[in-house]
Amino acid sequence: MFYPIQLLADFLTYTILGIVPKTLLASAVNFFIFDTIKIFILLFVIIFVVSIIRSYLLPEKIRAILSRKNKYVGNVLASLLGIITPFCSCSAIPLFLGFVQAGVPLGTTFSFLIASPMINEVALVLLLGLFGWKIALIYITSGLVIAILSGIIIGKLKVENLVESFVYENSINGNIDLPSMTMKDRVNYAFDYTKDILKKVWLYVLIGIGIGAWIHGYLPADFLAQYAGSGKWYAVPLAVLVGIPLYSNAAGVIPLVSALTEKGVSMGTTLAFMMSVTALSLPEFMILKKVMKTKLILIFAGIVGVGIMFTGYLFNFILK
Amino acid sequence: MKIEVIGSGCKKCKALFELTKEVSSELGINDEVIYSNDINKIVAMGIMQSPVLAINDKPVLVSMLPDKKRLKDIISKNI
């Protein structure tokens, strides 16, 4: 599928730039050009398509669906719907308040809050482009399982008392009329949104691919296996911890991680790291403090963190 | 007429506020554009994303930073 891009990258590397093939420099430059073109095409196409789908399933509509479902179905649906909903930390509070005040159970709300940032289209594109569809599928499936189970567990814990009391003082009618959209509006929306995201991530992606290309060309294969191979028990928890503060750079982190994986970091550790980068984010925790007590944030981070580590160990074991 | 940008204080919210001010003065609207960071207002409108552009308390644009031309269209359609 990406063969024409490889031809183009070869042409640019060897003919236009005149770099001698089979050298370290050639390998790094070729890798950089190929990945950059591939990733940006994928980003554009997939974000655009997801945005069109999303224009039919805005969070406000999702809420109307979720407030009518029983809890287990609700957790599953919330997690699935979380995939297509973009997560921006500026919307975290209105999302949380909007769900809870419209009567969506807390556990269901958390399923959504976990799935939405963890399984996002930028991460998916990068996974698909750099690791292939199998790893992308494993990532989506384990992400969904973590979101569904964590939501169910939080629901069972009866932690409503750990939500700031003002949240429950208002209740709202979940059925509103949003400005209606024509197909042209939807295309405009999708186009604006795609542009918005690309503007936000392009530099990180380029830097990520750049460092990745350097690692690809210059570090020996298996260089990192001795530190972060599947035999090292501490690799997974370490990856999760390192991932927590990296949220805003998810777009740049994934190309980098892809190169690290090539040099011997095992796949489960890589998956755990990416999940931690996307799902556990320090800035999001700070924002959520406005609506819930620190203890609830810790419970939430703890449950998701354990889920991610389990996934990491599991795939280190399976994908040896 | 009341033109209001409601946001959580993020970069996108402020950018939308600035752009709305610019567009509304170009459209010859005399009323001042208001910026509010009262999230409860958004939630009470039934919306769950930020920022929101509301004209006379009716949301006309949600979670988007359109280009100037499109914002002009949206505002002139709703006044």
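The model is predicted, so to speak of local features a pLDDT of at least 70 is needed, side-chain atom pairs count only at pLDDT 80 or more, and totals for chains, interfaces and linings use all residues. Residues are numbered from 1 along each chain as its sequence is written, while chains are lettered from A and ligands numbered from 1 in the order in which they are written.

Chain A has 15 helices and zero strands (DSSP runs, H or I of at least four residues for helices and E of at least two for strands, numbered from the N terminus). Some overall numbers:

| Property of chain A | Value |
|---|---|
| C-alpha span along principal axes | about 70 × 50 × 30 Å |
| Buried share of the 320 residues | 45% |

Buried here means 20 or more other C-beta atoms within 10 Å of a residue's own; 12 or fewer is exposed, in between is partly exposed, and C-beta atoms are placed from the backbone.

Now helix 5, residues 92-101: 10 of its 10 residues are buried, so the rest of the structure largely encloses it. Its cover includes helix 3 (59-66), helix 6 (106-118) and helix 14 (282-288) of chain A, plus helix 2 (39-44) of chain B. Just past helix 5, A:Gly103 has a positive phi of about 95°.

Beyond neighbours within four places in sequence, A:Ile114 is in contact with residues including A:Ile146, A:Ala279 and A:Val304, a contact being C-beta atoms, placed from the backbone, within 7 Å.

Conventions
Two residues are in contact if their C-beta atoms, placed from the backbone, lie within 7 Å.
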